[in-house]
Amino acid sequence: MLTMDNRLKDAKNDKAAFEQLEKYTSVKQINRLFRFIMPFKFTTLQKLAPKSMKRSVVDMLNFLNGQDNIITPEDPRSMLLWEDKDIPLYDGVRKPFIVPMLLENKKAPAVVIAPGGAYINCCIKDEGFRVAERFNELGFHAIIVNYRVSPNRYPCPQLDFIRAMQVVRSKAEEWGIIENKITAIGFSAGGHLVTSIPGLFEELREQTGDLKDINGVPDALIGGYPMIDLKCQSMGITCDMIFLGDKLTEELSRKLSVQNLIDENYPPTFLFAEEGDNTCPPKTNCEVAKKVLDKYNVPNEMHVYKGDRHGFNLGEGRESGAWVESSIAFLKKYNKA
């Protein structure tokens, strides 16, 4: 993978570097790679991978599997977030949409889910549908957000998620959602997405169209193995290079690192990861966020479980699978479930 031993002071001006980066971060390249590796089981892939390949790379490749292709905006289960003409910064290709998975005839809290995928893909199968089904079983309405990813850059994902929150709030009575009990769940890059929203909403709300007067901030947050500090390393490059691409500046990287977006008005936050995760290490992500949450007396919990996986979603059969019940207990404690 591309390494950045000497960080670019102004990455905008280095076109060659970004051409190389795009080679590694384009959906087409990743999907081409998956046509080769997906016939192998994960354990087999580990044995076949060169010793020089870090576990973090194998983990990332294991769940960047073109999963955003399993449902389209035209699917009857989907709901477009905007009319084409109203989508801010629309590239004419990728339409953001949500997939509501609602309980029948029941007034209940809701979770709005942002799957991970390194802002390259949206892993909607494992970190969307599977998680939504589990929370449905536990008495929550669930709404999955298929947000824009590469080559779309900031603020496209944030605008999509804010709009999704506004749509959910606007439909709360119709869908049987209890007001003030709407929690955002995000995994990996989706964890960065949802935890960045409280600090960016006021700045971005004017771009969210006819629903701009509706609150787009979740009532609580759950971050699963989240990307927090954009300066941390993932797959051999810094996270801000993946997220921001040719829009990267040091100023924007600092601004969008979640620890710099937290204040005393931040929602109650539950964070979890496995201790050996080398893709989004908890020491440079969850722990960084918790330190600032504690500073501002924001209600929070952090659970770092045994294990070394990234992208474990529900964590079946692993110690980390406890996050689901623990997060719900946390939400009940703060009257968000």
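The following legends describe close-up views of a predicted model.

**View 1. Helix H12 and its buried side.** Helix H12 spans residues 323–333, and its buried residues are Trp323, Val324, Ser327, Ile328, Phe330 and Leu331. These residues lie on the same side of H12, because they cover an arc of only 155 degrees around the axis. An α-helix has 3.6 residues a turn, so residues three or four places apart point the same way. The exposed residues Lys332 and Lys333 are carried on the face of H12 turned away from its buried side. After H12 comes Asn335, which has a positive phi, near 60 degrees.

View 2. Helix H5 comprises residues 125–137.

View 3. Asn136 belongs to helix H5. Its relative accessibility is 19%, and Asn136 therefore counts as buried, the cut-off being under 20%. Leaving aside residues up to four places away in sequence, Asn136 touches Met101, Leu103, His141 and Ala142. Between Asn136 and Ala108, 28 residues apart in sequence, the C-alpha to C-alpha separation is 9.9 Å.

**View 4. The aromatic pair of Tyr154 and Phe243.** The structure holds 15 aromatic pairs. In the pair of Tyr154 and Phe243, the ring centres are 6.2 Å apart and the planes stand at 70 degrees, so the arrangement is edge-to-face. The pair links distant parts of the chain, 89 residues apart: Tyr154 is in the loop between strand E4 (141–146) and helix H6 (156–170), while Phe243 is in helix H9 (residues 239–244). Tyr154 and Phe243 are both buried.

**View 5. The aromatic pair of Phe187 and Tyr225.** Phe187 and Tyr225 form a tilted aromatic pair, with 5.8 Å centre to centre and 45 degrees between the planes. This pair also links distant parts of the chain, with Phe187 in strand E5 and Tyr225 in the loop between E6 and strand E7 (233–234), 38 residues apart. Phe187 is buried, its relative accessible area being 0%. Tyr225 likewise counts as buried, at 0% relative accessibility.

**View 6. A cluster of aromatic rings.** Ring pairs link Phe135, Phe140, Phe187, Tyr225, Phe270, Phe272, Phe312, Trp323, Phe330 and Tyr334 into a cluster. Trp323 and Phe330, among the members of this cluster, are also among the buried residues of H12.

Key:
Residues are numbered from 1 along each chain as its sequence is written. This is a predicted model: local features need pLDDT of at least 70, side-chain atom pairs count only at pLDDT 80 or more; totals for chains, interfaces and linings use all residues. Side-chain values use heavy atoms; hydrogens and water are left out. Helices (H or I, at least four residues) and strands (E, at least two) are DSSP runs, numbered from the N terminus. Buried means under 20% relative accessible area, exposed over 50%, partly exposed in between (1.4 Å probe, protein chains only). Contact means heavy atoms within 4.5 Å. The arc is that of the directions from the helix axis to the C-beta atoms. Rings of Phe, Tyr and Trp (its six-membered ring) pair if their centres lie within 6.5 Å; planes under 30 degrees apart count as stacked, over 60 as edge-to-face and the rest as tilted.
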